[in-house]
Every structure is written in C-alpha cells, then in structure tokens.
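Here are a few worked exercises to go through with the viewer open. Try each task yourself before you read its solution.

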Amino acid sequence: MRSPGPNTPAPPQTTPLALRAQRVTKRYGAHTALLSASLEVSPGACVALVGESGAGKTTLLRCFNRMVVPQEGRITVGGRDITSGPPHALRRRLGYVPQHGGLMPHWKVLRNVALVPRLLGMPDAEERALSALQRTGLTAEDFADRWPRSLSGGQRQRVALARALAADPGVLLLDEPFGALDAITRAELQESFAKLRTELKVTTLLVTHDLREAFLLADMVVVLQGGRILVSDTPDGLREDPRDGYVHALLKHAGVVQG
Amino acid sequence: MKKIWLPLSLLLLLAAPRAIAAPSPAEEATQVIRIGSKPFAESYLLAEIFAQVLESEGFEVSRRPGLGSTEIVFGALRSGDIDLYPEYTGTGLLAILKEQPQTNPREVFRHVSQVFESRWQIHWLPPLGFQNTYAVAVREDKAEQLHLKTLSDLARVAPKLVAGLSPDFMGRPDGLPGLSEAYGLHFGKTRPLLQALKYQALNQGEVDVIDGYSTDGRLAQASVRILEDDKDFFPPYEAVPLVGPRLWKRFPRAVEVLSQLGGRFDASHMRRWNQRVEVERESVSSVAADALAELGLSSAVHTKAEDSEKEQSKSFLAYLWGRRSLLFRLSLRHLFLVGVSLLAAVLLALPAGLALERAPRFAEGVIRGAGVLQTLPSIALLAFMIPLLGIGVVPALAALFLYSLYPVLRNTYTGVRDADDEAARAATALGMTPLQVLRQVRLPLAAPVIMAGIRTAAVINVGTATLAAFIGAGGLGDPIVSGLTLSDTRMILSGALPAALLALIVDGLLALVERFVAPRGLRAES
C-alpha cells in the first residue's frame, strides 16, 4: 500500500444512506435461501454478513441492488423503497464489488473505473475515475492505461473497488471482495480498505466467510445460518457473549475467541 | 435424396408460388430459344446439335448446358427457364413419373408423351433414333472364345465369369436383380466398380463382364462386345428432344426443325461422337458440327479441331494463362455469389442471434431449424429452389444464403450467451440497462466467436458456390462441372484451384476484419 502522497485528492463529500430489510424471504423452488430476514444498517456504518456457504449472506446482499428479487419483504435504501424506480437507476447509486472483480476485459483500467460516472452522465467522469484510482492506492500513470488481464489479483480488486467508488455512492456493497486473494494480498487490501473507510464514511455491507475480516472491518457482525439471521451485534459484544452455541463454535473455529 | 422430398414438398405448399422470380418480361418477349442439358457428354452434345440446327434455320439460341440432375433440368423446363433439353423416355417414366419399368419402347414413348402433355404441356418430339440404355459388355477375346452374342448366351457361362458392375446397377430393380431373374443369370463373382475404372479393369483382365451405357464413347474405344438384350429386359431409354410450352406455342417452325431430327441417329454413330468428346477431348461444338454434316443436315464439314490438339500439349500453367480472362470473370461471379449471400445471412442471422439470447426459450428450436437446412444435400436444395425461383443467380444466392444462416446464428447466440458472464453480471449490477450490457459488453466480447461463425460460413460458401453451376448461375463451378463431364482433369483444376485460392483469400480478409472488430484486451499480446 502506497502512503497517500501530497497530490492525493481530498475525500469527496458523500452522503451515506441507511439500509433496511424487513422480513425478506427468498425461495428458489423448494429451497429457501432467506427466511424472514430483517436487517438495519445506519448511515456510514459497516455491517459484515458472515456464515457458511449457503447461509444466505450473498442472497441478502444482492437483494439490496435488486440482483435478487425476494418473494416477500420490503427493502429501503436511504428510506426509499428500492422497487419505486427502474433497477438500473438504483444500481448506479450503489457501489458494488464482486468476488472476482468483474472487470470488463475489453476496456482499459481507466475506462472500467469511469463506468458508473459515465452511466450517470457526469461530465467529469474521467477525473473522478483518476481520483478513485489514487484513493485505492493505484497510481494513475502506472495503471490507467493497462488492460485488466495484465493485472495481479490484488490489483484487479483495487480497480474494482475504485470503480465502485468513482461516482461517490452513498452505499458500498462488497460481495466477498477479498475472498479469492492469497493471505498476504488480502491483509494488504483489508488494511487499505479500513483506512479508506475512515476517510469516506460510506455505508458498507460486506459479505465474507472470513470472520477475522468481519471483526477487523465491521462495526456490526451479522451471523446467518440456513437463511436465517441468528445473531447481530458489535464485534466486542459478540466476543464477550456469543449467545448461541453455533456462533460460539464458529468464532472459536476462526480463532476470534478462545475456549 | 428421396427422404427429403416429403418435407420439401410440404415447404413447397407453404411457399408462395414463384411470384418473385418469374422470367423477366424482357426475356419472355425475346425470340431467344433457351436450350439446357444435363451434366454429361452426350447431353452436352445433343443440346449443341439442337442449338446448331436451330441457328442454321435462323433462330437465336442461348445455351445453358450442364444443369445439375434430372430434377434440376426438368424443373427448369417446367418453370419456363429453358425451352428444350435432351431427355430419355425411360428417365421420364422411372425418374420423373416414378412409375414401374416397361419394356416396349413404343408403349413407353406413347405413355410419357400423353402424361407429360396433359400434366405439364410438355412435349416429347419424335425420338432421335437411338437408345442410351444399360448395356452389358464382354471383352472381345472372351466373347469370341465363348461364342457370346446375347445375354441368353451369357447366362449359360456366367458362373465361370467375374463381373465388374457399378454399385447403382447392382441395386436397381432394372439392373442386376431384375436381370438375374429375367435371364437366370448368376455370375461366379461380382465386384462393385466405379464407371471410370471399369474399362481399365476389363482391359487388364481383372473382370470379364461390365455394365455400361449403350452409347458410352469408351465402349467404342475398348475392344469389347455389347451383348444383345434378346429378352428386351432393359427399359427403353430413347433419346428425345423434350420441349416446353413456350417453344411449342410460339415457335412452331422450330418444333418442326427439331422434329426432323427424329430417326436420323443411331447408337454406333452416337457412341463414336461421344468418344470424340470424352476420350479424344474434342470440343463439343466441333463434334456437333461434324455430326450434323454426317447426318446430312449441314454442308459445312468441320475439320478436326486442331486448336484442341494444341491445347492438349500445353503446360498446365500455359493452359490457365490462356483461360485467364474467363477465369477472372468466373472468379468475380463466384465472389459475387458468396459475398451477397453471406452479407444477407449476416444481416439476418446476427440480429436474430442477439434476439434469441434475449428469448432463450425459442433459441434452440430456431437454431436447430437453421441447422436442418444445413443437412439438406446442396443439389436437393438447388432443385427445390427451381419451382420457386427458377434457375440462375437468384436461386443460387437463396441457397447459399440459407446455408450461411446456421454458422452465423449459432455462433452469435453462443458467443453472446457465453461471453464473460462475470463481466456482464457486474455491468448489470453497476447499473447498465440490458441493452447497454448487450451492446457494450456481450457483443464486443462475443466478437471473436461471431467472426469465427462468419468465417466458417464464408469458406463453406466458396465451396458450395461451385455447385451453382448446376443451376446455371456460373462461377468457378462451370469449368469443374464441364471438366467432370468431359473427364478433363485440367479443366476441373482450372475451376477448383481458383476456388481454393478464393477460399483462402476470403478467410484472410475476414481475419483482418476480425482483428479490427475483436477487442484488443482479449488478445494474448496485449
């Protein structure tokens, strides 16, 4: 991680938005992915969704940008029902980072990062893309003109993060953004993301199967199992009192608590 | 080929009767008599004889020789694209009317005349005087030794003989099976042999008996004896000028002239003229002129063409060079056929492939439908086109267009569907509309696969377009078809080599297009 140089642009003004899901249920045929899940994220907070594969954490995250449409329940972003407008208008206001970056292989880095500002018709799309690159620790002169396939895994995720941030969204949806990286690169990215969050104050929903990551980055940790929300609390609160045998076992297994 | 006729005739019922490409009024109004032929030497020669006779009587004639199969040339006569071609009564009975074989030549002629006239207003003029039927031949020394004159003679000694027969003859009811029954004929051994190899095998003593066509020029050359069909087993195949309604109604004088050819020919003359074309490689027009002189129908005796002698001694390159302007014109026509049909196919199949990606429920059905078109034998598809579009460039373009649809459609659909799904999903999740995802992400990413489909279609098209010669559309198939007919390897190559070269050039040009449209980020060197 490069330390922010003198020419690092000042963090832009973002208005963080509240997220709210009320009794959300999603079924795929006979399989229930989410059952009456309710979640509240206050503006500027970072909430981690944790649990095993199939627990429903990614499904819940994708309900917020309408990539998943639940059968029941109501979801609001910034107090507005997300079904009140066209899905693409909603999505342009929500930063999103998928597990493998999802960069457009036929576009250079700068064009990738400028995607959302351009969709929003921002006249300064390119400047925004350049400053977003800098914020994620990639120098414009080295990276703007590169093809995605020439980047390392860590660099690709930084570009994806920059792309999610370029239009200064009020919400960031991170779907296991560091999950596919090796341990050292992951630690680097976690560190720089933590730093970025203190500057940006953007509302963040983070899906991860890595409990250490959740405890490191989130203000609030939500544990899911079989499509239900078991527990949600601050990292300290969970450490002191996991409340549930499954949660305790999970935390113990991850080495977050002893005994 | 039979199996496809049911679906084809169903299609025919659905398709509008050939409103699109009826012969143009201009051509209809002209005084030109259009003469067709099938793609074998005798048919070429008879058509040329008809043409020269009519020309000598002051008619204007256009020649369309070498039209595909019986279906194609007869289709062209029915649709009015040609006015006349040489046909055989047995073929009319068995292949066109699909009736049972009969043995009496007069009966067969009377029957086909009646049915063709009432059904299609097509007229069989008086038979020319010879038959081109199946013939069974024995090597001369063997025939001498065993005293063989007739097929009944042959039946006596057949168990001691080896026969080399064409696979077709071995299977047809009017071939070996019927012959065995009629004469009690059973060979000691039968070997399937291709027509072209038979004479060689006979001369080298590998086989004793072969089947052939009674006027085959090579029978005149080889020292063989044709055995008499003393029980009249073989169906009669009398050669006859077959005349369509336009000629019949509008040119009674021409019909009269052609009718006067009736009874003037005989099999041994015909065999000798075929030999001059097939074996000695003389030009069809000079042999036709000689034939007319021998028949006493023209005074100008053509001297044996010396230029064709000279032609034979030239090197292949000199031969090609001598034909350069013809080959250039044929190549341009070929390119035109391929280019226009391919362009039309891309204009239809590319948007259709994209639309199917949005409607995956219909995709497999539609694409398989296009795939079925691909499985139709080209010659059958061309034959099917004739009632709808006549002969010439238009049906050739239509057939090539249909053949190009499948690769373009399939590759567009698959390419767009399978284009980097993660990128497409991320693009959607970041707020692109479905149309934006298609145009900005899926389509560029699918470009290499789509281009591969277009290149496949183009190369296949260059090859298939050589068959356009069978329906008189020209192109590099012309010398290939003529060369096959006249067993002239150099002529075949003079069409086949430029066609192969054209395929390479077209593929190379499209590779350049692909470099231009395929996104750079996908290439290894970036």
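## Exercise 1: a helix pair in chain A

H7(A) passes H8(A) in a right-handed crossing. Keep in mind throughout that this is a predicted model.

**Task.** Find the angle at which the axes of helix H7 and helix H8 of chain A cross, and say which residues meet.

**Solution.** 
- Step 1. Pick out helix H7 (residues 153-165) and helix H8 (residues 183-200) of chain A; their axes come within 10 Å and cross at roughly 25 degrees.
- Step 2. Angles under 35 degrees count as roughly parallel, so that is the label for H7(A) relative to H8(A).
- Step 3. On the H7(A) side, look at A:Gly153, A:Gly154 and A:Gln157, which meet A:Thr185, A:Glu188 and A:Leu189 of H8(A).
- Step 4. Sort the residues of this contact by class and you get one nonpolar, four polar and one charged.

## Exercise 2: a helix pair in chain B

**Task.** Work out how H5(B) and H6(B) pack, and which residues make the contact.

**Solution.** 
- Step 1. Start with the geometry: the axes are 9 Å apart and the packing angle is about 60 degrees.
- Step 2. H5(B) and H6(B) are therefore oblique to each other.
- Step 3. For the handedness, the crossing of H5(B) and H6(B) comes out left-handed.
- Step 4. H5(B) brings B:Thr89, B:Gly90, B:Gly92 and B:Leu93 to the contact, while H6(B) brings B:Val108, B:Phe109, B:His111, B:Val112 and B:Phe116.
- Step 5. By class, that contact has five nonpolar, four polar and no charged residues.

## Exercise 3: how enclosed is that helix?

**Task.** Which residues of H5(B) are buried, and what covers them?

**Solution.** 
- Step 1. Go through helix H5 (residues 89-96) of chain B: the buried ones are B:Thr89, B:Gly90, B:Gly92, B:Leu93, B:Leu94 and B:Ile96.
- Step 2. That is six of the eight residues, so the helix is largely enclosed by the rest of the structure.
- Step 3. Now see what sits over them: the cover includes helix H4 (70-78), strand S3 (84-88), helix H6 (105-120) and strand S10 (239-243) of chain B.

## Exercise 4: a strand residue and its partners

**Task.** Is B:Ala135 buried or exposed, and which residues does B:Ala135 touch?

**Solution.** 
- Step 1. Find B:Ala135 in strand S5 (residues 134-139) of chain B.
- Step 2. There are 22 other C-beta atoms within 10 Å, so B:Ala135 is buried.
- Step 3. Leaving out residues up to four places away in sequence, B:Ala135 touches B:Gly212, B:Tyr213, B:Ser214, B:Leu219 and B:Ile226.
- Step 4. Take B:Ser214 from that list: B:Ala135 and B:Ser214 are 79 residues apart along the chain, but their C-alpha atoms are separated by 5.0 Å.

## Exercise 5: cores and the interface

**Task.** Name the residues with the most contacts inside the largest nonpolar core, then describe the side of chain A that touches chain B.

**Solution.** 
- Step 1. The largest nonpolar core has 199 residues, and A:Leu49, A:Val113 and A:Val222 have the most contacts inside it.
- Step 2. Helix H22 (residues 393-418) of chain B gives this core its largest share, 14 residues.
- Step 3. A second, separate core of 29 residues includes B:Leu176, B:Leu179, B:Tyr183 and B:Leu185.
- Step 4. Turning to the interface, 20 residues of chain A are in contact with 18 residues of chain B.
- Step 5. On the chain A side, helix H2 (87-92) and helix H4 (115-119) each supply at least two residues.
- Step 6. By class, this side has twelve nonpolar, five polar and three charged residues.

Definitions and conventions: Residues are numbered from 1 along each chain as its sequence is written. Chains are lettered from A and ligands numbered from 1 in the order in which they are written. This is a predicted model: local features need pLDDT of at least 70, side-chain atom pairs count only at pLDDT 80 or more; totals for chains, interfaces and linings use all residues. Two residues are in contact if their C-beta atoms, placed from the backbone, lie within 7 Å. Helices (H or I, at least four residues) and strands (E, at least two) are DSSP runs, numbered from the N terminus. Ala, Val, Leu, Ile, Met, Phe, Trp, Tyr, Cys and Pro count as nonpolar, Asp, Glu, Lys and Arg as charged, and the others, Gly among them, as polar. Axes are lines fitted to C-alpha atoms, for helices over the stretch in contact, and angles run from 0 to 180 degrees between N-to-C directions. Angles under 35 degrees count as roughly parallel, over 145 as roughly antiparallel, 65 to 115 as roughly perpendicular and the rest as oblique. A crossing is left-handed if the near helix is turned anticlockwise from the far one by less than a right angle, and right-handed if clockwise. A nonpolar core is a set of buried Ala, Val, Leu, Ile, Met, Phe, Trp, Tyr and Cys residues joined through C-beta atoms within 7 Å. A residue is buried if 20 or more other C-beta atoms lie within 10 Å of its own, exposed if 12 or fewer, and partly exposed in between; C-beta atoms are placed from the backbone.
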